[in-house]
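Thanks for coming. I will go through one structure today, a few places at a time. Please keep the picture in view while I talk.

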Amino acid sequence: MRHALLPLALLAVCACSPRGTDQPAAAADAPAATSATAGTHAFDATINQGDFAEHVRQLASDEFGGRAPGTPGEEKTIEYIKAQFARIGLQPGNGSDWFQTVPMVETTADESTALNLTVAGTPQVLKFGSDMVIGTRTGQAQVNIKDSPLVFVGYGVDAPEHDWNDYAGIDVKGKTVVMLVNDPGFHAGDAKLFDGKRMTYYGRWTYKFDEAALKGASAALIIHDTEGASYGWDVVKNSWSGPQYDLPAKDDPAPRAPAQGWISADAATALFKAAGQDLSKLRAAANKRGFKPMPLDATLSLDLKSTTVEKTSRNVVGLLPGSETPDEAIVYMAHWDHLGTHEGETGDNIYNGAVDNATGVAGIIELAEAFRKAPTPPKRSILFLAVTLEESGLLGSKYYVAHPVVPLDKTVGVINLDALAPVGKARDITVVGQGSSQLEDLLKTVIDTQQRKAVSETNTAAGYYFRSDHFNFAKAGVPALYVDSGTDLLEGGLAAGDAAGKDYTENRYHKAADQFDAATWKFDGIIQDLETVQAIGQALANNGQWPNWYEGNPFKAARDKMLPAAPVAK
Ligand SMILES: [Zn+2]
């Protein structure tokens with residue numbers, strides 16, 4: 001990945017757990033340095049520190065070049081994971097193949113593109129970068145839109161379980177929808193509306209574009225505001241300039257609008273004023289139940305040219321077949337990709353991604369070994385999925401969910417590991433997006449025995465649940481648990497945990513300095529967390545339950561549809 005992509009990867013798509021880190025004191029239980037090749041390490045059947053550290057050391061070594069898709073680092077990484085899965089005794093998960101090829105398309109919009117508006121009969125031009133950003137996910141080199149009428153659709157939310165529809169009573173087919181970022185609860189500060197300040201699925205900009213496409217809009221524009229987006233216009237501008245990555249449209253079952261983008265708050269205010277409307281009044285109206293979409297006296301024309309390049313990368317899939325109901329599976333997943341080597345950058349330019357996400361990959365390998373070598377095989381199958389292109393927009397997982405090797409209605413539940421913090425044991429465990437599914441009931445049973453408690457992530461306004469790979473399963477209805485290391489550390493408590501998280505975010509997250517360090521990493525907390533998710537998978541593999549989303553969750557309707565005859569977990 002190029003450095004210019006970082007704002008996109010960092011703010012738009014990847015949560016990658018900005019937390020955890022190394023501690024100044026050397027850990028007494030750090031494993032001894034091992035020799036240079038994987039072949040000489042003697043792996044044990046259990047989840048343990050030495051084996052875990054060995055996997056991280058390999059995956060995060062300079063030799064792997066930062067594990068960027070499409071580079072020699074990809075070959076080394078996926079071959080390493082495949083070799084480990086084979087050594088452990090898993091079966092190839094994709095038919096007879098260990099790999100699943102993931103196609104992607106890189107689209108770069110011509111930045112001389114303008115939005116040509118006619119507002120109350122008067123032409124108006126919005127320029128790329130300063131006033132707006134625009135792009136297409138259709139893969140088409142040229143998108144033409146002519147005189148598409150503008151409609152203000154509030155937050156662009158259609159949420160039956162919230163009894164809320166910003167599209168009520170209007171057909172936006174062929175039209176250009178203009179909408180606010182985040183959700184009514186956030187801007188109204190009302191805890192009873194859309195979880196208040198906590199980010200809901202409906203507050204995510206990705207949702208808004210998906211929904212607009214579903215409704216048949218020709219173009220979708222989000223009005224930026226710094227508070228609602230949680231970042232300034234410059235971040236939007238940088239993220240939407242240069243290459244954008246996606247699955248080819250043919251490989252994505254979801255519809256896509258011909259054009260989508262953002263307009264700056266200033267440009268939107270001026271546009272609404274010229275159309276005879278007051279944007280601040282419409283903002284207030286959009287926060288109230290019963291809001292009605294508002295056609296504007298304006299049309300949009302657009303001639304968008306883009307260059308596209310098609311590429312491929314690969315997921316790695318290993319299967320442990322169940323002994324009684326092998327057609328049903330639990331999925332453990334982690335993304336293997338990271339940001340690669342940044343040519344031309346002086347000093348250490350290899351983005352090793354030790355925490356993000358060599359730890360998660362090492363975690364699923366350790367889980368695979370423990371399940372495979374347990375005395376009794378699981379009744380249901382367990383699938384171990386190392387996905388690619390997370391840092392480019394969760395594409396490996398998106399492709400998998402569109403082309404699953406175990407059908408989604410036979411997929412019992414998903415556990416995602418993304419960036420485990422090597423900071424030692426904690427009295428808590430972080431459940432990102434807490435309050436989502438019945439998988440949390442199973443988690444509670446396990447951590448009760450450890451005298452630990454589950455806590456929510458600190459910044460619930462950031463919507464981290466919607467920013468890692470399990471989210472593609474969630475969108476499709478499959479319950480997905482995303483746990484992260486705790487922050488109330490046995491050594492130093494919350495102060496130490498918060499300091500470690502801050503240190504990681506500031507000094508290592510998505511930087512070349514995210515490196516493995518056997519001398520300072522503490523593994524005991526990670527091992528305990530892996531044993532925790534192992535116990536959840538163990539229960540699911542043998543209890544015949546079909547966990548569902550909690551009542552009121554946006555993904556429950558999809559799961560209900562998927563399991564017409566299946567008993568729901570009690
Ligand atoms: Zn990550």
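I start with Asn-182, which is buried, at a relative accessible area of 1%. Keep in mind that this is a predicted model. Asn-182 sits in the loop between strand E9 (176–180) and helix H4 (184–188). For background, most residues other than glycine have a negative phi, and most peptide bonds are trans.

Asp-195 also has a positive phi, near 60°, and is a residue other than glycine. Its loop runs between H4 and helix H5 (205–214). Is Asp-195 buried or partly exposed? Its relative accessible area is 42%, so Asp-195 counts as partly exposed.

While we are on backbone geometry, there is a cis peptide bond between Asp-356 and Asn-357, with omega at about 10°. Asn-357 belongs to helix H10.

Next, the cores. The largest nonpolar core has 155 residues, and those touching the most other members are Trp-262, Ile-263, Tyr-332, Phe-384 and Phe-473. Which helix gives the largest share of this core? That is H10, residues 354–372, with 11 residues. There is also a second, separate core of seven residues, and among them are Val-102, Leu-389, Leu-395 and Tyr-399.

Leu-395 and Tyr-399 take us to helix H11, where both are on the list of buried residues. H11 covers residues 395–402, and seven of its eight residues are buried, so the helix is largely enclosed by the rest of the structure. What do the buried residues of H11 pack against? Their partners include strand E2 (99–109), strand E13 (294–320), strand E17 (380–387) and helix H13 (470–475).

Now two helix pairs. Two packed helices are described by the angle between their axes and the distance between the axes.

The crossing of the two is right-handed. On the H10 side, the contact is made by Gly-363, Leu-367, Ala-370 and Phe-371; on the H15 side, by Leu-530, Val-533, Gln-534, Gly-537 and Gln-538. Sorted by class, this contact of H10 with H15 has five nonpolar residues, four polar and no charged ones.

In the second pair, helix H2 (residues 49–59) packs on helix H3 (residues 72–88) at about 155°, with the axes 10 Å apart. H2 contributes Glu-54, His-55, Gln-58 and Leu-59, and H3 contributes Thr-77, Tyr-80, Gln-84 and Arg-87. By class, the contact of H2 with H3 has two nonpolar, four polar and two charged residues.

Last, two single residues. Leu-481 lies in strand E21 (residues 480–484) and is buried, with a relative accessible area of 1%. Leaving aside neighbours within four places in sequence, Leu-481 is in contact with residues including Val-414, Val-431, Leu-439 and Ile-536.

Tyr-464 is in the loop between strand E20 (453–456) and H13. Tyr-464 counts as buried, at 18% relative accessibility, because the cut-off for buried is under 20%. From Tyr-464 to Tyr-482 is 18 residues in sequence and 9.5 Å in space, C-alpha to C-alpha.

That is where I stop.

Note on methods
Residues numbered from 1 in each chain as written. Predicted model: local features only at pLDDT ≥ 70, side-chain atom pairs only at ≥ 80, totals over all residues. Heavy atoms only, no water. Buried < 20%, exposed > 50% of the residue type's maximum accessible area, 1.4 Å probe, protein only. Helix = DSSP H or I, 4+ residues; strand = E, 2+ residues; numbered from the N terminus. Contact = heavy atoms within 4.5 Å. Core = buried A, V, L, I, M, F, W, Y, C linked by side-chain atoms within 4.5 Å. Left-handed = near helix turned anticlockwise from the far one by under 90°. Nonpolar A, V, L, I, M, F, W, Y, C, P; charged D, E, K, R; others polar. Axes fitted to C-alpha atoms, helices over the stretch in contact; angles between N-to-C directions.
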